[in-house]
Amino acid sequence: MTTTTPPTTAAQQFALRRHSPLQRVQHLLHAHPAISPFLVLVISFVVFSTLNPRFASPNSLSLVLQQVAVIGALAVGQTLIILTAGIDLSVGAIAILAMMLAAKLAEGQGLPGALAIVLAIAVGAAAGALNGALVTRLKLPPFIVTLGTLSVFTAIGLLYSEGQSVQATDLPAVLSWTGESFPVGRFRITVGVVAVVLLYLALGFALAKTAWGRHVYAVGDDKEAARLAGIRVDRVLLSVYVVAGAIYGITAWILIGRAGAASPNAITDANLESITAVVIGGTSLFGGRGAVLGTLLGALIVGFFRSGLSLAGVDDQYRVLAVGLLVILAVAVDQWIRKVRS
Amino acid sequence: MIQHIGRRRAALLVAAAAATGMVVSGCGDSSGDGAGDGDKSVAVSLITKNSTNPFFVTMQQGAKKAAEAEGVKLTVAAGKEDGDEAGQVQAIEDAIARGDAGILITPNGPGVNPAIKKARDAGLYVIALDTPPDPANTVDITFATDNFKAGELIGKWTATQLAGKPATIALLDLFNDKVVSVDYNRDQGFLTGMGIDTADKKKNGDEAKTGSYSGGSYTIACNEPTNGAEDGGRTAMENCLTKNPDINVVYTINEPAAVGAHKALQAAGKTQGVLVVSVDGGCDGVRQVKDGVIGATSQQYPLKMAELGVQAIKKIANDGEKPKVSEGLDFFDTGVTLVSDKAATGVESITSADGAQRCWG
């Protein structure tokens, strides 16, 4: 594996020789945070398809993709925020708020579908901007800010929708378009899944290849150092919250296609599940380390466990147990990697 | 657009006004105002499982209407979500502190029982709506749908529709981590209606996976939880189809779950020849029956539960007259009607057009 980045200078070669195999693994994991979730994904795939061969069928795998799409999309935004050493507890609340506002306004074709989608994304971005403003202007910890806005956005969404859901049949067709599917070989892919893949590609590119992406990592790693390096920390932070909010707005659109209705009851566990996907995906809760690719793998791992254990006829509580253990393991590995670094 | 913003603002204003109203009336109560037309002023609390399920939203609306008509002071509270016992306990304590005459509650679980006992010890009359507590005598009386019968009706309907064909059944329940009476009563009622022997009547999923129903042979493909919501219904149905693609009967705990299940069937190209049955009879659900998404649904009457509840507590507070349970049951049956556009011999039903006249939500 070390051949991918061959040591060029004598000093580097010397350093490598002095490392034990364990330390090399450590460095590898540090350089590529997506490796450990990838291994877990492969292992779980092998185990589950041995337990029930039907698990590996294109049909079953297509369903896993569709089932993790919504949490996967929310987790993109969550990854961005966790990369800056923050946390977002209001993910689900923002998505529901954006969805209910757009759906209610578009109900009975009151508002054209495309406009409703733009509105959902705008509402999401605005909600994110509020979170970001509270974090950067009032200097409040993200945990506290989003704990508060979790309640605020949930309440507004409920008051506005009067607690009632809107059936997809009452909505412009474009709103549930994300639920439409088409064949890819023997797989069936929905528009929503494609949208999620595009989200990951776009954010993955932005984080890895643009100055903005580098700034996000820098701010997450060490705010003060980033400020001294000339990065406008508050601006970067605010932009992260706005982009995350817009992603939750897009998720609202995916959710309508998935559920067949805009319901204030949907995705009740979204906050914890999105954080779970990010953490299992190898992104550090302490900021500055990780990647959206890992999050995608993290979301897929959770989906594999749900589907695989269900097909094996195992009680659902064992999935909850296993995912919990994975979270602890993932954080432990993260801590271990950090230790060697210093 | 402007109109809608206006509506949203109005909703917030109403909420704010309601909150102030509650504070003001709370203060007024302690001084014991006897204003009104001769009657004692009666205060009632309605505590539902959550404030988002259309069933409970309707219940709240029904109670508000009845309270207005009867001159009863009504306080509405709810758990944060289905199963939130702590939230309900708080609301019960509030009702005791406020000096309410009675409580109408849809209990979220056995954790609420001690608080109900405290309320009754304090002299409040407690009526359970929709969901009887366990044990049932925790409350004074329950006004509810006979959920077992609701399940039985759709079970019987399904059996006649199959006309002897083998049944491959998906059971889309409410939870698999909590035992809730509505959940097992409907599920077990459905199986009983199909003519399938159930083991423990208070337990889902312990019946024989294969055997014979009243019309032929059956296979139970899955018991999956839905949380009673669309997204949960879809995921549950997908998991069931993966386990057994030949499913031709889908029992769903409620209509949102049925909508999600239909989505999954549609995506798998399997809507033809699959019977989806449900319980609730909300206006959206009845429309699904008309559109052919749901084959049959058992309609219940939350408005009636709430109205009767408010009236009953007023009566007790004024003349001490207590409501009685329905004959042969340990609760007051508020009725259930099968809604279907395909009449089945031997099962009484009304059409979706008639169902729409009586629907709620």
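Chain B contains 11 helices and 13 strands, where helices (H or I, at least four residues) and strands (E, at least two) are DSSP runs numbered from the N terminus. The model is predicted, so that local features need pLDDT of at least 70 and side-chain atom pairs count only at pLDDT 80 or more, whereas totals for chains, interfaces and linings use all residues. Residues are numbered from 1 along each chain as its sequence is written, chains are lettered from A and ligands numbered from 1 in the order in which they are written, and side-chain values use heavy atoms, with hydrogens and water left out.

Of the 361 residues of chain B, 52% count as buried; buried means under 20% relative accessible area, exposed over 50%, and partly exposed in between, with a 1.4 Å probe and protein chains only. Among the contacts in chain B with a separation of 6 or more, 67% come from residues 24 or more positions apart, a contact being a pair with heavy atoms within 4.5 Å.

Chain B is divided into domain 1 (43-145 + 302-323) and domain 2 (147-299 + 337-357), with bounds that come from an automatic or database domain assignment. The C-alpha centres of domain 1 of chain B and domain 2 of chain B are 29 Å apart. Each side brings residues to the contact: 8 residues from domain 1 of chain B and 8 residues from domain 2 of chain B. The size of an interface is often given as the accessible area lost when the parts come together. For these two domains of chain B, the buried area is about 670 Å², with 46% of it on carbon and sulfur atoms; buried area here is the accessible area (1.4 Å probe) that two parts lose on being put together, summed over both.

Attention now turns to a sheet in chain B. Six strands form an open sheet of 6 strands in the order β2-β1-β3-β4-β5-β12 (chain B), with parallel pairing; two strands pair if DSSP finds at least two bridges between them. Its edge strands, which each pair on one side only, are β2 (73-78) and β12 (332-333) of chain B. Strands of a sheet pair through backbone hydrogen bonds, either parallel or antiparallel. Strand β1 (residues 43-48) of chain B runs parallel to β3(B), and 4 bridges join them; in this pairing Val44(B) stands opposite Gly102(B) of β3(B).

Strand β3 (residues 102-105) of chain B is in turn joined by 4 bridges to β4(B), again in parallel, and the bridge partner of Ile105(B) in β4(B) is Ala128(B). Between β3(B) and β4(B) the chain passes through helix α4 (residues 113-121) of chain B, in a β-α-β crossover that is right-handed: with the strands pointing away from the viewer, the path from the first strand over the helix to the second runs clockwise. On its other pairing, β4(B) is joined by 3 bridges to the parallel strand β5 (residues 141-144) of chain B, where Ile127(B) stands opposite Ile141(B).

Strand β4 (residues 125-129) of chain B is mostly covered, with 5 of its 5 residues buried. Tyr125(B), Ile127(B) and Leu129(B) point one way from β4(B), while Val126(B) and Ala128(B) point the other way.

Val72(B) lies in the loop between α2 (54-70) and β2 of chain B and is buried, at a relative accessible area of 8%. Leaving aside neighbours within four places in sequence, Val72(B) is in contact with Val42(B), Val44(B), Ala67(B), Val310(B) and Lys314(B). Of these, Lys314(B) is 242 residues away along the chain, yet the C-alpha atoms of Val72(B) and Lys314(B) are separated by 7.3 Å.

In chain A, an unreviewed UniProt entry lists several spans as "transmembrane region", among them residues 68-101 and 113-134; positions follow the numbering used here, feature names are shortened, and annotations may be inferred rather than shown by experiment. Residues 68-101 of chain A are 79% helix and 0% strand, with end C-alpha atoms 24 Å apart. For residues 113-134 of chain A the values are 100% helix and 0% strand, with end C-alpha atoms 32 Å apart.

Ile81(A) belongs to helix α4 (residues 58-83) of chain A and is buried, with a relative accessible area of 0%. Beyond neighbours within four places in sequence, the contacts of Ile81(A) include Val240(A), Tyr241(A), Ala244(A) and Tyr248(A). Ala125(A), in helix α6 (residues 113-136) of chain A, is buried at 17% relative accessibility, and its contacts outside four places in sequence are Val242(A), Gly245(A) and Ala246(A). Val243(A) relates to both residues: its C-alpha atom is 9.6 Å from that of Ile81(A) and 6.5 Å from that of Ala125(A).
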